[in-house]
Structure formats: structure tokens, C-alpha cells
Amino acid sequence: MDFTLEVVPLPVSDIDRARDFYRDKVGFQVDIDQEVMPGMRIVQLTPPGSGCSIALGDAIWDMAQGQTRPEPGSYQGLQLCVADIKAAHAELSGRGLDVSEPVQYAPDDGATFMYFKDPDGNGWAVQEYRRRVAEPLHKVLADQRPRG
């Protein structure tokens with residue numbers, strides 16, 4: 001049985017401000033922005049090319065028994081991957097995102113990163129993984145599935 005990671009709830013203090021930030025500055029697609037049940041608004045956004053989304057909402061944590069709502073800005077190390085970090089930097093900074101310059105920690109593929117924070121302080125890394133040009137993740141995963 002496959003277990004796919006498809007949605008990560010993200011703690012924010014202002015849903016509209018966060019939605020606008022992720023849509024306008026980071027370029028995520030707004031998939032859902034609605035009240036899914038009385039008193040429960042969900043905004044789900046997906047990065048271009050990703051199979052995993054983020055979800056913003058006041059009552060998300062109320063649904064999961066025993067979970068405590070994390071403080072806005074408490075998530076660090078969320079990570080996006082791109083095939084060309086210089087192009088990604090140009091795109092993001094061109095949208096007005098305050099993103100660090102790329103840092104290459106080693107010459108190996110996968111060792112170059114840049115960083116940004118959302119308005120609440122949730123921290124993101126963007127990793128360059130050049131191999132994804134020739135081997136998109138969805139294709140790699142599909143090729144690994146048993147046939148028959």
C-alpha cells in the first residue's frame with residue numbers, strides 16, 4: 001500500500017495574508033479557499049509541479065484528536081526542490097520575495113540551497129536538484145511501481 005504525503009498543515013496567524021504571500025510571492029496555486037464546514041475555512045495551495053500541498057486554516061488542528069495547534073512561525077525546514085536554483089532565485093526575487101542568494105555547500109547535485117521565511121516566520125529551504133530535469137520525481141516513482 002502506498003502512503004503519499006499530499007498535504008502539510010501550516011500554522012499561520014492570518015490566513016488571507018498567508019494565502020496572498022504563497023500565491024503572489026512564492027507562486028503556489030490556490031486549489032481550495034472555502035468554508036468546508038460551518039466555522040472551518042481551508043485554504044490549500046500547491047507549488048508548481050508538486051504532489052504535496054500546504055493547508056492553511058484556523059480549525060485544522062481541532063479535527064485531529066490529541067494534537068496541539070502549533071504556533072504560527074514555528075515550522076522550520078520545509079523544503080522545495082528545483083532543477084535550476086538560479087532561475088528559481090530570479091523568479092522568486094522577481095515576484096518580490098525576500099529570498100537569500102543560493103549557497104553551494106558542496107559541488108554535488110543537491111548541495112545548493114537558498115532560504116526564505118513567510119510573514120509569520122515559517123522557514124523554507126529551496127534545494128537545487130539538477131537531476132530532476134532528466135528524472136522528474138513523478139516519473140521516477142511511476143517507474144518504481146510494480147507492474148501487473
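This briefing describes a sheet, a helix and a salt-bridge network in one structure. The model is predicted: local features need pLDDT of at least 70, side-chain atom pairs count only at pLDDT 80 or more, and totals for chains, interfaces and linings use all residues. Residues are numbered from 1 along each chain as its sequence is written, and side-chain values use heavy atoms, leaving out hydrogens and water.

**Sheet and helix**

- Four strands form an open sheet in the order β1-β4-β3-β2, with mixed pairing; strands (E, at least two residues) and helices (H or I, at least four) are DSSP runs numbered from the N terminus, and two strands pair if DSSP finds at least two bridges between them.
- The edge strands, each pairing on one side only, are β1 (7-9) and β2 (29-37).
- β1 pairs with β4 (residues 53-56) in the parallel sense over three bridges, and V7 stands opposite S53 in β4.
- Helix α1 (residues 15-25) lies across β2, β3 (40-46) and β4, at about 15 degrees to β3; axes are lines fitted to C-alpha atoms, for helices over the stretch in contact (heavy atoms within 4.5 Å), and angles run from 0 to 180 degrees between N-to-C directions.

**Salt bridges**

- The structure holds eleven salt bridges, each a side-chain nitrogen of Lys or Arg within 4 Å of a carboxyl oxygen of Asp or Glu.
- D16 and R19 meet in one at 3.3 Å, N to O; both lie in helix α1, three residues apart.
- D20 and R23 meet at 3.1 Å, N to O, and R23 also meets D24 at 2.7 Å, N to O.
- Salt bridges that share partners join D16, R19, D20, R23, D24, D33 and R41 into one network.
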